[in-house]
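Here is a short briefing on one protein chain. Look at the model first, then work through the points by topic.

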Amino acid sequence: MGRTEKRKQWKTVADAVRERDGNVCCVCGQPHVKLNVHHLIPREVKEYWLEPMNLISVCPRHHKYSYTESFHKAPFWGVIYLQYYRPEQYKWVIDTIKGMMNAKTDIINYRSET
Ligand SMILES: [Zn+2]
């Protein structure tokens, strides 16, 4: 798949996720000209790159910039946010990560075997 094709695929899914989330930031409820779509499990994990359960619409502040309330700079906050406000997505993420751990994918490759 070429770069252009991938970009098109991403745009289609991201637009659908924004639509699902009412075209507002899930955290503050504000619309934004550049409403971001955040990957809960990183986009580099290709299996879930386009999975809507792995995606959430957020404004730039709640995506990347706030040190107290953003998925990138305050990851623990992000986990608690999901647990309280998006319980179905929270469950999906937890179950998926557990599955990855059980499959011994690279998320736990750092673990000592001794
Ligand atoms: Zn926001």
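The largest nonpolar core has 15 residues, and Cys 25, Cys 26, Val 27, Leu 55, Ile 56, Val 58 and Cys 59 touch the most other members. Strand S2 (55–58) and helix H3 (75–85) are the elements that give two or more residues to this core. The largest share, 3 residues, comes from S2. A nonpolar core is a set of buried Ala, Val, Leu, Ile, Met, Phe, Trp, Tyr and Cys residues joined through C-beta atoms within 7 Å. A residue is buried if 20 or more other C-beta atoms lie within 10 Å of its own, exposed if 12 or fewer, and partly exposed in between, with C-beta atoms placed from the backbone.

This is a predicted model, in which local features need pLDDT of at least 70 and side-chain atom pairs count only at pLDDT 80 or more, while totals for chains, interfaces and linings use all residues. Residues are numbered from 1 along each chain as its sequence is written.

**The whole chain**

- The protein chain has 4 helices and 2 strands. Helices (H or I, at least four residues) and strands (E, at least two) are DSSP runs, numbered from the N terminus.
- From the N terminus on, the order of elements is α-β-β-α-α-α.
- Along the principal axes, the C-alpha atoms fill a box of roughly 50 × 35 × 25 Å.
- Of the 114 residues, 19% count as buried.
- Take the contacts between residues at least 6 apart in sequence: 43% of them join residues at least 24 apart. Two residues are in contact if their C-beta atoms, placed from the backbone, lie within 7 Å.

**The two strands**

- Strand S1 (residues 36–39) and S2 run antiparallel, joined by 4 bridges. Two strands pair if DSSP finds at least two bridges between them.
- His 39 stands opposite Leu 55 in S2.
- Which residues of S2 point which way? Leu 55 and Ser 57 point one way, Ile 56 and Val 58 point the other way, and all are buried.
- Ile 56 lies in S2. Ile 56 has 26 other C-beta atoms within 10 Å, so this residue is buried.
- Leaving out residues up to four places away in sequence, Ile 56 touches Cys 26, His 38, Leu 40, Arg 86 and Gln 89.
- Ile 56 and Ile 80 are 24 residues apart along the chain, and their C-alpha atoms are separated by 14 Å.
- Cys 26 touches Asp 21, Ile 56, Ser 57 and Val 58, again not counting residues up to four places away in sequence.
- Arg 43 is found in the loop between S1 and S2. Arg 43 counts as partly exposed because it has 14 C-beta neighbours inside 10 Å.

- Helix H1 (residues 3–20) has 18 residues, which at 1.5 Å a residue should span 26 Å; its end C-alpha atoms are 26 Å apart, which agrees. The expected span is 1.5 Å times one less than the number of residues.
- Is H1 mostly buried or in the open? Of its 18 residues, the number buried is 1, so H1 lies largely in the open.
- Val 17 is found in H1. Val 17 counts as buried because it has 20 C-beta neighbours inside 10 Å.
- Val 17 touches Val 37, Pro 52, Leu 55 and Ser 57, not counting residues up to four places away in sequence.
- H1 is followed by Gly 22, whose phi is positive, near 75°.
- Asn 23 is found in the loop between H1 and S1. Its phi is near 60°, a positive value in a residue other than glycine.
- Most residues other than glycine have a negative phi.
- Asn 23 has 12 C-beta neighbours inside 10 Å, so Asn 23 counts as exposed.

- The buried residues of H3 are Gly 78, Tyr 81 and Leu 82. Seen down the axis of H3, they fall within an arc of 95°, so they line one face of the helix. The arc is that of the directions from the helix axis to the C-beta atoms.
- The face of H3 turned away from its buried side carries the exposed residues Phe 76, Ile 80 and Tyr 84.
- The buried residues of H3 pack against H4.
- Helix H4 (residues 87–102) has 16 residues, which at 1.5 Å a residue should span 22 Å; its end C-alpha atoms are 22 Å apart, which agrees.
- H4 is followed by Lys 104, whose phi is positive, near 55°.
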